[in-house]
Amino acid sequence: MECFDCGTTLSERDLLVACCQICGDPLLPDDLDALRAELGIAEAKPPEIINPIIESKPLEIPDAVDCPGCFTPLMGIDLEAWNEGSCNYCSEINPSPISKIESTSGKVDSEDSNLNTATKDIDEEKMIDHQNSLPFIINVGPSVGEIIHLPIGDIGRSNFHQILKDSWYKDHINRISSEHIRLSENYEIIDLGSTNKTYIDGLRISGTKSAQLNFGSDLNLAGNIQISRTDSSGSYPLIEHVETGIKWHIPVFKGDDAGMPKSWSQHLGRLTEDDHSESWYRMADLHLRAMGLDETFLSYISRRHMIISCEGDDIKLEVFEGKETPVGFPENPTIFPDDLTLSLKKNSFKITINQKSESN
Amino acid sequence: MVSLTANLIKPLAKCNQPLISKGGLNIIGDNENALPLDLLLVIDMSGSMSGDGERIVQQSVLFILDKLMGPNDKMAIITFSNGANLHMNWGDKNSNPAAFSAGGGTNFGSAINETLSCLGAYGIDSSRAGTVLFLSDGQGQKANDENVRTITEFGFTMHTIGVTSGADPTHLNQMAELARGFYYDAPGFDDALKAFSSIFNYGKTVAYAAPDLKIKIEDGVTISDLVQSPQGVEIAKGPLNAGTHEVSLSHLVVGMRGDLTFRINVDNVACEDNLLATFECIGGSSELRVKGTTDDTQILNASTNADVTLMTKTGQAAQLLKTGDKAGATRIITQIKTLEKTHPQASDVTKTLTDVSSMKNQGEILEGLGKLQTDKEGKTIRRED
């Protein structure tokens, strides 16, 4: 194979740096593939992904626990007594006693423990207390777009292990600290000194001051678990990026007594006006990369692309000059549909404006 | 604030070996406000301009003063034939230029000398968009290249309008390139008014006036073939050796990106992170680096920078079109088309270059290339007037 520009026969040296080493002409991707084939060099392959083996493991009983009543380290027969019901020293009642412990090894009988674990999973599902929990949308992994409920209070990896059962999540959830964040009933978040950090809208939250999680914002725990706030009233428009399945609600200004109408606005482009990633784009990009999928199609959406907005009953779509206009927006809407899909060449957004009820 | 990003085709190279590669530099400014305009008209008033030429120049100047100029803009006029004179000194939109009168030969050299005198007396002000507009309908005595290039040192760029019933577009395009401007084609006198408006409108979008790019090149490294993409303007042929160099660029326009490509030769890549060159422009800077390694697999699997490839190929195609080599340009455009699979902006480049290459005459092609620009997202577009 010869260089397009100077006609020199190309070699492995040219292939290495993707340039002709005589004239500097860049080699195009097709040329590189052809040269690889000609030189007998195998194509670059992505690293192999080994799927985790899912095993049923018995509950691991710690060798020692501190009694919450008297703070005495309980080991051996003291631990057995604690596991069966109460502390030998202060009679503090164990809120989660475990029965059928082998008397010497301290390990759970495996057959019974499996049964216990299975029963416990079902019980935990049933036990989700929607009164004392808040709904979120999980926006990463196989359950992307689904609604989950997190308890109000201190939340850690065990909460997520209970909720997200797919094995894909296991390693990602393990990065979450045992007590990672504190969630209050008005969606205020405090990071509890987590090892792998907490981010809202890409900004790290730390310290004792709480940060508000608003509609349309993304909450990222430990890097790869990302969720966004959802709504049970159905009054906040819901957008889905169809190709990735990530969903989020648009914040709504609900008007005021002075006659200001209800209004909302959502930019459907990759970057904000001040060049930061839009929350939806950050979630879509992370979801694709975490799943090992090609994320480059997202770049077909321009950094500043289009804005869908509403004031009162007047819904408008503004496409920035020179950007691809989506299909699907009614030209002269008299009665605006409850949902619509804006389709670009490689991406589409499904917008549900009037939700009938919470989907879960 | 201006941000600069310099990249090679690949960030890795085999160490203890020489390297030849292509590099790209993106310059993005955040100034969204256009600068006030200083417009210097340099107008051919040789004998061939009598009649229609005089009339259209008079009309164009009055149109600019009445309709286009803003309260902070300024204009001056030089006329030339055998010699050159300052016809109207710098003034605002209320200026009243004397009538134009044509006669004599066409001496580009004296016109450029008078232009330099006028700019020298006016001084340098980087907060204003200095634009020289050179109009001729004839083939004059060639001006000294170095004198033409000096125009940029005053923070001005020079655009040329060729009334192609008599002018040589290639010659006028070369003059415009030397002064970092673009060529505009006016087949007849009546088209000149449109070209005047076009250049004026372009001048009213300038965010950074003819900025200087400082290049600090490390020992054992040379940079050559510095080309502004997508217009294919040759900024420096080189080679530029180790040391500090300064080159002038075209105006940076609001909302647009400045792209440069270059060839780089490295005598020996060390087995470490190698600093090759540092680029500085309007307060921003970027270092061009390559990491040397002995691991062939790592280099093979490193991704190539498709932006640099696309910018390089775009500049090559534009330069071939300027020389009239449509066949060569079409071959490059076909290459760029293969990038469409992997680069989202490649299809815009093929479309705009194909549009330009299909234009009827060389004057139109040169004007079409001058109107190409790249927005901040890397999309190549053709400026509309």
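Begin by selecting Gly292 of chain A, which follows helix H7(A) and has a positive phi, near 70 degrees. You are looking at a predicted model, in which local features need pLDDT of at least 70 and side-chain atom pairs count only at pLDDT 80 or more, while totals for chains, interfaces and linings use all residues. Residues are numbered from 1 along each chain as its sequence is written, and chains are lettered from A and ligands numbered from 1 in the order in which they are written.

Next, select helix H7(A) itself, residues 279–290, whose twelve residues reach 16 Å from first C-alpha to last, close to the 16 Å expected at 1.5 Å a residue (the expected span is 1.5 Å times one less than the number of residues). Helices here are DSSP runs of H or I with at least four residues, and strands are runs of E with at least two, numbered from the N terminus. Nine of the twelve residues of H7(A) are buried, among them Trp280(A), Tyr281(A) and Leu288(A), where buried is the word for a residue with 20 or more other C-beta atoms, placed from the backbone, within 10 Å of its own. Strands S11 (218–221) and S12 (225–229) of chain A are included in what covers these buried residues.

Now move to the open sheet of chain A, whose four strands run in the order S5-S6-S7-S10 with antiparallel pairing (two strands pair if DSSP finds at least two bridges between them). Strands S5 (153–155) and S10 (211–212) of chain A stand at the edges, each with a single partner strand, so one side of each is left without a neighbour in the sheet. Finally, select Glu188(A), which stands opposite Gln212(A) in S10(A).

Methods
Two residues are in contact if their C-beta atoms, placed from the backbone, lie within 7 Å.
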